[in-house]
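Here is a short tour for a first-time reader.

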Amino acid sequence: MQLLQDILKDVTVLESHGPLDVQVESITFDSRQVQPGVLFVAMRGVQVDGHDFMAKAAGAKAVAIVCEELPAELASGVTYIKVKNSGQALGLMASAFYGHPSRKLKLVGVTGTNGKTTSVTLLHKLFRELGYHVGMISTVQNQIDEEVIPSTHTTPDAVSLNALLDKMVKAGCAYAFMEVSSHAMVQQRVAGITFAGGVFTNITHDHLDYHGTFDEYIKAKKSFFDMLPASAFALINADDKRGPVMVQNTKAEVRYFSLRKVTDFKARLIDNTLQGLHLEIDGHEIWAKLIGAFNAYNLLGAYGVAVLLEEDPMETLTILSSLDTAAGRFDYIVSETEQITGIVDYAHTPDALENVLNTIQQIRTPLQTVITVVGCGGNRDAGKRPVMADIACRLSDKVILTSDNPRFEEPQAILEDMQKGVKPLDFKKTLSVLDRREAIRTACMLAGKGDIILVAGKGHETYQEIKGVKYPFDDKQVLQEALQQLGK
Ligand SMILES: CC(=O)N[C@H]1[C@@H](OP(=O)(O)OP(=O)(O)OC[C@H]2O[C@@H](n3ccc(=O)[nH]c3=O)[C@H](O)[C@@H]2O)O[C@H](CO)[C@@H](O)[C@@H]1O[C@H](C)C(=O)N[C@@H](C)C(=O)N[C@H](CCC(=O)O)C(=O)O
Ligand SMILES: Nc1ncnc2c1ncn2[C@@H]1O[C@H](COP(=O)(O)OP(=O)(O)OP(=O)(O)O)[C@@H](O)[C@H]1O
Ligand SMILES: N[C@H](CCC[C@H](N)C(=O)O)C(=O)O
Ligand SMILES: [Mg+2]
């Protein structure tokens with residue numbers, strides 16, 4: 001419980017009506033959650049405008065309402081606060097309500113199209129091994145040390161985020177590593193959060209349905225570095241051509257990492273096999289369990305963060321070389337009878353799919369056939385669908401196009417968008433099997449002794465989302481069962 005005037009300390013109030021010395025029990029941006037004593041923040045969304053629910057919130061006895069536009073009639077007993085940007089105000093208020101938990105630990109945010117989950121997972125495991133209590137906020141799950149807290153978003157809303165950070169502080173966490181998505185930046189989910197550091201992994205085609213243009217997407221990512229304080233570091237992948245743009249206006253201390261140039265943190269890829277990566281990092285040779293050249297970037301980034309947080313470089317490298325990947329990231333099984341390698345990967349962007357398939361191409365032998373099963377999500381960037389189908393064809397011997405999470409779109413229509421990317425010459429190696437389970441089974445039937453099957457797009461997800469319902473579905477399990485049933 002906090003006084004409204006205290007929660008508002010960092011917020012620029014344009015107008016206020018009603019007392020400010022009232023007690024606020026909790027903060028919500030959903031009128032359906034309002035109970036007496038709750039502060040309701042009206043937010044403009046993609047579907048509806050939260051301002052339309054102010055009367056409902058007042059009816060449910062909200063103690064105060066924060067909005068960008070005051071209603072024509074003000075309800076009695078409610079304090080109204082007008083602000084320029086509700087999202088930003090929500091972030092600042094949530095932070096104040098929980099006593100600014102992000103200032104009480106060292107919080108590092110990771111942004112970029114690919115590699116966020118892998119990076120924060122590596123950092124969480126690394127800092128646990130270094131002996132600290134550590135928090136993690138990621139797409140797969142949130143964690144306080146080994147305690148798992150299910151996650152609903154890559155970056156939670158401002159209230160959930162601050163509540164989570166507060167829990168981490170109370171559990172004694174010295175560090176927390178979180179993913180910062182571009183949606184979160186636009187919606188100001190991290191407004192008011194103090195970061196000790198920020199990492200940029202890369203930026204490629206994704207989420208253009210939401211951001212409209214690639215420039216807007218870049219701007220959203222860049223705004224994370226704009227908000228970092230002078231005390232923070234900004235660790236940038238120098239091999240991504242947008243790296244320098246990210247830190248054009250940052251106050252943070254900028255550091256770079258690279259596999260190609262001489263920078264603050266430098267690595268060289270010596271070998272990339274199904275057993276892992278052989279790397280040289282800052283002059284030291286290491287073997288890591290992670291597979292795929294792109295993981296050299298994730299490992300190097302995590303190393304850079306640890307060194308910037310003043311950890312011992314050698315100890316850091318020793319631990320990094322022992323760590324496993326995040327769930328559903330180049331996660332593989334080898335079947336018992338026919339030694340078929342089945343790989344499950346969360347590649348759901350053109351760049352990620354290309355990286356994973358290039359890695360497979362590097363580690364395969366000429367005798368192995370590569371079969372890719374891939375689909376694209378509904379109600380998400382449609383522009384990536386034909387591109388992903390084309391990449392799958394270019395880098396595989398056989399391709400089975402299928403469904404991912406269709407959400408509220410027609411699965412067949414998504415599949416047809418993908419098919420448009422298949423070049424006539426590739427028709428003969430492409431099949432379309434709408435049902436994902438059947439598609440995986442088909443791949444297993446087509447696979448011969450020692451072949452490689454890649455099931456891309458859903459990684460760790462344990463469901464398939466169709467018309468608002470999440471049906472149990474686990475790529476790795478389906479793959480394993482199909483191979484077993486076929487006696488392979
Ligand atoms: C596109 C997007 O980001 N949408 C988020 C947004 O929802 P929205 O804009 O549709 O909200 P809305 O339904 O229009 O409602 C507007 C406002 O009115 C309020 N409302 C609504 C109805 C009502 O009766 N009363 C009421 O007060 C809502 O609570 C909301 O505050 O605000 C919601 C509340 O915070 C989020 O849950 C929701 O995430 C949806 C579920 C989502 O799918 N988001 C994805 C795209 C996302 O955020 N992804 C990123 C990155 C993914 C990655 O690459 O890893 C992530 O960080 O997870
Ligand atoms: N550094 C990287 N560069 C390019 N591709 C990568 C990198 N790291 C991982 N990938 C690929 O991208 C996929 C997603 O990786 P990861 O989950 O770590 O990214 P993310 O940024 O968290 O994605 P999301 O935005 O969906 O949460 C992996 O399965 C892998 O195929
Ligand atoms: N978190 C990302 C990844 C989606 C993964 C893919 N399986 C899909 O459903 O499109 C998103 O919401 O865009
Ligand atoms: Mg992620």
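## The magnesium site

Three side chains coordinate the magnesium ion (ligand 4): T117 through OG1, T139 through OG1 and E179 through OE, at 2.1 to 2.2 Å. The model is predicted. Along the chain, the donors follow the spacing T-x21-T-x39-E.

## Around ligand 2

The shell around ligand 2 holds 21 residues. T117, T118, R329, D345 and H348 come nearest. By class, the shell has five nonpolar, eleven polar and five charged residues. Helix 4 (116-129), helix 10 (294-308) and helix 12 (350-363) each supply at least two of its residues. Helix 12 gives the largest share, four residues.

A polar backbone atom of T113 is 3.1 Å from an oxygen atom of ligand 2. For Y346, a polar backbone atom is 3.3 Å from an oxygen atom of the ligand. N355 uses its side chain: a polar atom there lies 3.1 Å from a nitrogen atom of ligand 2. The protein covers 96% of the 620 Å² of accessible area that ligand 2 has on its own.

## Around ligand 3

Residues around ligand 3 include H207, Y346, H348, G377 and R380. D404, N405, R407, G457, K458 and E461 also belong to this shell. It divides into one nonpolar, five polar and five charged residues.

The side chain of N405 has an N or O atom 2.9 Å from an oxygen atom of ligand 3. In E461, a side-chain N or O atom is 3.3 Å from a nitrogen atom of ligand 3. On its own, ligand 3 has 350 Å² of accessible area, and the protein covers 88% of that.

## The whole chain

The protein chain comes to 16 helices and 26 strands. Its C-alpha atoms fill a box of roughly 75 × 50 × 40 Å, taken along the principal axes. Buried residues make up 56% of the 488 residues.

The radius of gyration is 24 Å. A compact globule with 488 residues would have one near 23 Å, so the chain agrees with that expectation.

Terms used
Residues are numbered from 1 along each chain as its sequence is written. Chains are lettered from A and ligands numbered from 1 in the order in which they are written. This is a predicted model: local features need pLDDT of at least 70, side-chain atom pairs count only at pLDDT 80 or more; totals for chains, interfaces and linings use all residues. Side-chain values use heavy atoms; hydrogens and water are left out. A residue is near a molecule or strand if one of its heavy atoms lies within 4 Å of it. A polar contact is a pair of N or O atoms within 3.5 Å; within protein, one must be able to donate a hydrogen and the other to accept it, and residues adjacent in sequence count only if both atoms are side-chain atoms. Accessible areas come from the Shrake-Rupley method with a 1.4 Å probe; for residues, only the protein chains shown count as cover. Ala, Val, Leu, Ile, Met, Phe, Trp, Tyr, Cys and Pro count as nonpolar, Asp, Glu, Lys and Arg as charged, and the others, Gly among them, as polar. Donors are N, O and S atoms within 2.8 Å of the metal (3.2 Å for Na, K and Ca); water is not among the atoms, so sites may look incomplete. The radius of gyration is taken over C-alpha atoms; the globule rule is 2.2 Å times the number of residues to the power 0.38. Buried means under 20% relative accessible area, exposed over 50%, partly exposed in between (1.4 Å probe, protein chains only).
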